[in-house]
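Subject: Structure handover

Hello,

Here is the structure for you to look at.

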Amino acid sequence: MSNQRPHTRVNTTPLLSVLMPAYREEHVILALVEDLLHQADFAERKNPEHRLEIVIASDDLMDYSALLPSDQRLVFCEPKLQTGPANARTRALDKASGRFVLAIDADDSVSSMFIPQVFTATQTRSAFAVRANYIKNGEVVRRLEVDTLTQENFIAYSGSVPVVFPRNWLSAYPNVVAEDAVSVVNTLHKAGGSLDVIDAEYNITTHIESFCARIGSQFASLYAHHRDNVKEIARVAGNPQIEGLLAELFDGRIEVNAAFEKSMRQELGLDYHEFIVSRNLKKVRLVPEISRLQSSL
């Protein structure tokens, strides 16, 4: 009789694929990737099934593999040139092999136990959101405060909320200005209308070259165009049933951004995210936590 222990086969398929578009990110991407890999090392030592892959989609023709560690957990899409964040995310989604996916921008950052917390949450939830902070000059200017994300409070929030969802829930990120918001609406629908928000904090960097800063003044007209094309947007996402939800999303975004454009004409001096939580947004439907903050200003 053999005394050898039976061999236990470990599943080598990634549990989580991080989708990371990269456009002019050569100065910041290394720090984020090394942080994610370090956190993943810790998580995998605790549970070998908690495996990570990072799928990087260059959108500036740069070979980011030359800037990053040689690590089998890094996967690189064929570099393209200025196809836009939605197309870059879709290329990463197509190449991902993880059971779950999460899109992370290369110029953002995460809390010190972000990846272990995300892995833990996948054990008890089919999908979920992570808490998001907007950071300007090192300070939090806006924060997702709710513990449960719903269609109503997500539309009222009018910002980015990272979501973790099964890879097969989304066919593609539609090529719209709010491709991340479309994925949230789709995830909410697939999950039955609500998502837990876990305290694995995601920090969104705002700066003069950020997407919102560069084209914030055009948002209202862009959202109006998207509002007219919700059927096609839902089809591209792979879920025709979200057409009505997308219409509601874009109606809310149009309302917010029309008010923002008015504030710019009045030269109030607020950037987009400061404006969202300011007293100047009296007609926009705000989530309760932001409403309380607004009344104290």
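Helices (H or I, at least four residues) and strands (E, at least two) are DSSP runs, numbered from the N terminus.

This is a predicted model: local features need pLDDT of at least 70, side-chain atom pairs count only at pLDDT 80 or more, and totals for chains, interfaces and linings use all residues. Residues are numbered from 1 along each chain as its sequence is written, and side-chain values use heavy atoms, with hydrogens and water left out.

Back to α1. Its buried residues are Ile29, Leu32, Val33, Leu36, Leu37, Gln39, Ala40 and Ala43. Viewed down the axis of α1, they fall within an arc of 165°, so they line one face of the helix. The arc is taken from the directions from the helix axis to the C-beta atoms. Buried means under 20% relative accessible area, exposed over 50%, partly exposed in between (1.4 Å probe, protein chains only). Exposed Ala31, His38 and Arg45 sit on the face of α1 turned away from the buried side. The cover over the buried residues of α1 includes β1 (16–22), β2 (52–58), β3 (74–76), β5 (109–110) and α3 (114–122).

Leu68 is buried, at 9% relative accessible area. Leu68 and Val33 are 35 residues apart in sequence, yet 7.8 Å apart in space, C-alpha to C-alpha. Neighbours within four places in sequence aside, Leu68 is in contact (heavy atoms within 4.5 Å) with Ile29, Leu30, Val33, Ile56, Leu74 and Phe76.

Next, α2 (residues 85–95). Ala86, Ala88, Arg89, Thr90, Arg91, Ala92 and Leu93 are its buried residues. They pack against β1, β2, β4 (100–103) and α5. Helix α5 (residues 179–190) holds Ser183. Ser183 is buried, with a relative accessible area of 5%. Leaving out neighbours within four places in sequence, Ser183 is in contact with Val163, Leu170 and Tyr173.

Now the helix pairs. The axes of α7 (residues 219–227) and α9 (residues 243–265) come within 8 Å and cross at roughly 160°. Axes are lines fitted to C-alpha atoms, for helices over the stretch in contact, and angles run from 0 to 180 degrees between N-to-C directions. The two helices α7 and α9 are therefore roughly antiparallel. The contact involves residues including Phe219 and Tyr223 of α7 and Phe250 and Ile254 of α9.

Helix α8 (residues 230–237) packs on α9 at an angle of about 120°, with the axes 9 Å apart. That makes α8 and α9 oblique to each other. Angles under 35 degrees count as roughly parallel, over 145 as roughly antiparallel, 65 to 115 as roughly perpendicular and the rest as oblique. Val230, Lys231, Ile233 and Ala234 of α8 meet Glu243, Leu246, Ala247 and Phe250 of α9.

Last, backbone angles. Most residues other than glycine have a negative phi. Gln82, not a glycine, has a positive phi of about 50°. Gln82 is in the loop between β3 and α2, and is exposed at 51% relative accessibility. Ser158, also not a glycine, has a positive phi of about 55°. Ser158 is in the loop between α4 (151–157) and β9 (163–166), and is buried at 2% relative accessibility.

Best wishes
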